[in-house]
Amino acid sequence: MLSTDTDILATAEAWREAGRGVALATVIETWGSAPRPVGSHLIIDQEGNFLGSVSGGCVEGAVIAEAADVIEDGKPRVLEFGVADETAWRVGLSCGGRIRVLVEPVA
């Protein structure tokens, strides 16, 4: 079962208040077939714990890996995954979709 946005954002706040580094990933654009709609969230802490979903499959693994860098350097990033990308099959978008995900630190 996926958590609600309220659960995800409340958990991000609790993790931050506990002193953990946290990044928030948000789907900001989709095209074609995409497993999660615009506005879907995933939070990640500095140890790789996460809650929520931005896509599923290997896309989330790539977002979690990138979140570690966002937590470390504090710089947001926009990631794009899609069928035109040579990594489409590897990240699980072989169905013809494209997504853009904003990954930003939670202060």
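This is a predicted model: local features need pLDDT of at least 70, side-chain atom pairs count only at pLDDT 80 or more; totals for chains, interfaces and linings use all residues.
Visitor: Which residues have the most contacts inside the largest nonpolar core?
Guide: They are A25, L42, V54, V63, V101 and V103, and the core has 16 residues.

Visitor: Take V63. What does V63 touch?
Guide: Leaving out residues up to four places away in sequence, V63 touches A25, L42, V54, L79, F81, V101 and V103.

Visitor: Why would nonpolar side chains be buried together?
Guide: I can only give the general pattern: in soluble globular proteins they tend to be.

Visitor: Okay, charges now. How many salt bridges are there?
Guide: A search of the whole structure finds seven.

Visitor: Pick R100. What does R100 form with E29?
Guide: R100 and E29 form a salt bridge, and their closest N and O atoms are 3.3 Å apart. R100 is in strand β5 and E29 in strand β1, so this pair ties together parts that are 71 residues apart in sequence.

Visitor: Which residue forms a salt bridge with R98?
Guide: E80 does, with the closest N and O atoms 3.4 Å apart. E80 lies in strand β4 and R98 in strand β5, so parts that are 18 residues apart in sequence are tied together.

Visitor: How exposed are those two?
Guide: E80 is partly exposed, with a relative accessible area of 43%. R98 is partly exposed too, with 26%.

Visitor: Back to E80. How do the side chains of E80 and R100 meet?
Guide: They meet in a salt bridge, at 3.9 Å from N to O. With E80 in strand β4 and R100 in strand β5, the pair ties together parts that are 20 residues apart in sequence.

Visitor: So which residues are linked in a network?
Guide: E29, E80, R98 and R100 are linked in a network of salt bridges.

Technical notes
Residues are numbered from 1 along each chain as its sequence is written. Side-chain values use heavy atoms; hydrogens and water are left out. A nonpolar core is a set of buried Ala, Val, Leu, Ile, Met, Phe, Trp, Tyr and Cys residues joined through side-chain atoms within 4.5 Å. Buried means under 20% relative accessible area, exposed over 50%, partly exposed in between (1.4 Å probe, protein chains only). Contact means heavy atoms within 4.5 Å. A salt bridge is a side-chain nitrogen of Lys or Arg within 4 Å of a carboxyl oxygen of Asp or Glu. Helices (H or I, at least four residues) and strands (E, at least two) are DSSP runs, numbered from the N terminus.
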